[in-house]
Amino acid sequence: MIKTTNLKKVFRTEEIETTALNSVSLEVSEGEYVAIMGPSGCGKSTLLNILGLLDSPTDGEYHLLGEEVSDYSERQRSRLRKSNIGFVFQSFNLIDELTIYENIELPLLYQNIPSSQRKGRVDEVLAEFGLTPRKNHFPQQLSGGQQQRTAVARAVVSRPKLILADEPTGNLDSTHGYDVMRSLTSLNDGGTTIVMVTHSPTYAGYAKRLVHLFDGDIVNEGVRPQARA
C-alpha cells in the first residue's frame, strides 16, 4: 500500500537549511498496523504529513496504492486523500460551530455522497463509537475522550483504506487513551491499514510493527514481540 524510497524532506529559510527526513525507505502492506516512534524533532510528523499527502518530499519516491505520487499537484493529492485516507490528530481538529453529527458527516459532503447514504453511514459510526446520545452536541460540550472518539469516527466514516494517526492519545488521560487505542485496534482487525505516530511505548504495543526514527533516519524496525493488549 505504501512504499517510500530514499524519501527526503528539507526545510529552507534565507539563513538556515534543516533536514527533517534523510533517505527514508519504508514499506507498509495493506492491513498492517505500524507505530512510528522517536524523540521530538526526529521527523515523525513530517513523515506522516508526506504519507497523508499533506506535504511533498524534497527528493525520493513515494508510491501510494500503486501510484507514484511524490510529484503530484495539490489537486491530485486532494483527490487521492479524499477517497483513501482518514486522519486522526492529537488536537482533535473538530469544528466548534458544527455538531458532532455534522463534524462526522463532513468528509462525506466533500465526496458528494448522497444525503440518504450520508445519514446511514453517520448513524452507523455514531453507534459504533457510542456517540449517538451526543450527536446534537457541539465539541466543547464533550469530554476529551468523546472529542477524540468523534475525530476517529470522522476519520473512518468515508471507509478509507488508510488511517494516519498523529499522537491520537496525546491530550487524553489513560482511560480515554485506551478507549481510542481499542477503537483503532478494532478498525485494524477489520482490515484498515493504520500508521500511528506515538511517544508512548505502551500504546505502540498495540501495533503489529514498530519503526524508530532518529534525526530523520529509520534506525530500527521490526515486528512487535508481544501480543497486543
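User: What do the buried residues of α3 pack against?
Analyst: The buried residues of α3 pack against α4 and α5 (144–156). Helices here are DSSP runs (H or I, at least four residues), strands likewise (E, at least two), both numbered from the N terminus. Buried means under 20% relative accessible area, exposed over 50%, and partly exposed in between (1.4 Å probe, protein chains only). This is a predicted model, in which local features need pLDDT of at least 70 and side-chain atom pairs count only at pLDDT 80 or more, while totals for chains, interfaces and linings use all residues. Residues are numbered from 1 along each chain as its sequence is written, and side-chain values use heavy atoms, with hydrogens and water left out.

User: How many residues of α3 are buried?
Analyst: Eight of the 11, so α3 is largely enclosed by the rest of the structure. Among them are Ile100, Asn103, Glu105 and Pro107.

User: Where do α3 and α4 sit relative to each other?
Analyst: The axes of α3 (residues 100–110) and α4 (residues 115–128) come within 10 Å and cross at roughly 130°. Axes are lines fitted to C-alpha atoms, for helices over the stretch in contact, and angles run from 0 to 180 degrees between N-to-C directions. The two helices are therefore oblique to each other; under 35 degrees would be roughly parallel, over 145 roughly antiparallel, and 65 to 115 roughly perpendicular, with the rest oblique.

User: Which residues make the contact?
Analyst: On the α3 side they include Ile104 and Leu108, and on the α4 side Val122 and Leu126. Contact means heavy atoms within 4.5 Å.

User: OK, cores. Which residues have the most contacts inside the largest nonpolar one?
Analyst: Tyr33, Ile104, Val152, Leu184 and Met196, in a core of 37 residues. A nonpolar core is a set of buried Ala, Val, Leu, Ile, Met, Phe, Trp, Tyr and Cys residues joined through side-chain atoms within 4.5 Å.

User: Which element gives the largest share of this core?
Analyst: α5, with five residues.

User: And what does methionine 196 touch?
Analyst: Leaving aside its neighbours within four places in sequence, methionine 196 is in contact with residues including Tyr33, Ala165, Leu184 and Tyr203.

User: Switching topic: where is aspartate 217 found?
Analyst: Aspartate 217 is in strand β10 (residues 217–223). The residue is partly exposed, with a relative accessible area of 27%.

User: What is aspartate 217 in contact with?
Analyst: Asn22 and His212, leaving aside neighbours within four places in sequence.
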